[in-house]
Amino acid sequence: MSTFAGTVEHYRKYRPGIPDQVAQILAAAAPERHPRRLLDVGTGTGLVVEALLSRFDDIIAIDTDAEMLAAAERAVRPAVPAGTRMVLQRRSAEEFTPPEGWRADLVAICRAFHWLDQPSVLARLDDQVAPDGAVAIFGDNSFWTAGSPWKAAMRAVIQDFLGEQRRAGAAVFNHHNRPYSEIMQESTFNQVDELRVPVHRTWSTESILGYLYSTSFAAPHLFGDRLAEFEAAATHVLARFSANDTFGEDNEFLIRIGRRSQL
């Protein structure tokens, strides 16, 4: 069973997209030319591709989850501009090999680096990225990291139902403690810039539950026959933090852009 089994419908509807300011930073990291090539690793339902469609015209997006790729196809394909090539491929980053002669101007890895064999993938990308291209590893903070009283309370409810340790589907999440920039600096892409883009969001009980059901740590199937009980407990707890079902969140995207040393 996929780590994200049963989450696709919620993922597409409730996962926040990529802010335009983040998309601008990503596009600026890639050299200007035609064709301009993007490799999106761990594309999921295609949120990164969707944000960058107008900025790249030769796109390969990979993921290991067939249902996620099908959702990306349905959502993104109708918006692909004339003259833009988009290929969605079921492959892991550890297995992917681009077409002969194809080199990415930008590799985007959003909310997915923690799932990868990081040194191995960065080593493979050395042959898959143009000499002046870049690798961008980026994402915002998960609800699991809390950061506000209502998110901390929601995490406690999840732990009441699923245990103290963060889940990763049927397994337990194996957290990587090393900073991503440090890992990148040990690779070919060792010239690393870090940028932060603050974002403010407003949630409702429905969208909070929808977001949680899009994650590997609170996927609906993990609750079994207690899903309705979990929803009732979550709704009750959230009501303590808002009288009008409105929950503010201050978050940020941390973007790490790695390039090769210019000798």
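**Exercise 1. Count the cavities of 30 Å³ or more and state the volume of the largest.**

Step 1. The rule gives two cavities of 30 Å³ or more. A cavity is a set of points on a 1 Å grid over the protein atoms alone where a 1.4 Å probe fits but cannot get out. Volume is the space filled by probe spheres set on the points, which are joined across faces, edges and corners.

Step 2. The largest cavity has a volume of about 80 Å³.

The model is predicted: local features need pLDDT of at least 70, side-chain atom pairs count only at pLDDT 80 or more, and totals for chains, interfaces and linings use all residues. Numbering runs from 1 along each chain as its sequence is written, and side-chain values use heavy atoms, without hydrogens and water.

**Exercise 2. Describe the lining of the second largest cavity.**

Step 1. This cavity holds about 40 Å³ of space. Its lining residues (an atom within 4 Å of a point) include Leu-39, Ile-62, Phe-96 and Arg-124.

Step 2. α5 gives the most, with three residues. Helices (H or I, at least four residues) and strands (E, at least two) are DSSP runs, numbered from the N terminus.

**Exercise 3. Find the residues that touch the most other members of the largest nonpolar core.**

Step 1. A nonpolar core joins buried (under 20% relative accessible area, 1.4 Å probe, protein chains only) Ala, Val, Leu, Ile, Met, Phe, Trp, Tyr and Cys residues through side-chain atoms within 4.5 Å.

Step 2. Among its 30 residues, the answer is Leu-106, Phe-138 and Ile-255.

Step 3. α2 supplies the largest share, five residues.

Key. Buried means under 20% relative accessible area, exposed over 50%, partly exposed in between (1.4 Å probe, protein chains only). On a 1 Å grid over the protein atoms alone, a cavity is a set of points where a 1.4 Å probe fits but cannot get out, and a pocket is an open set with protein on both sides within 12 Å along at least five of seven lines; lining residues have an atom within 4 Å of a point.
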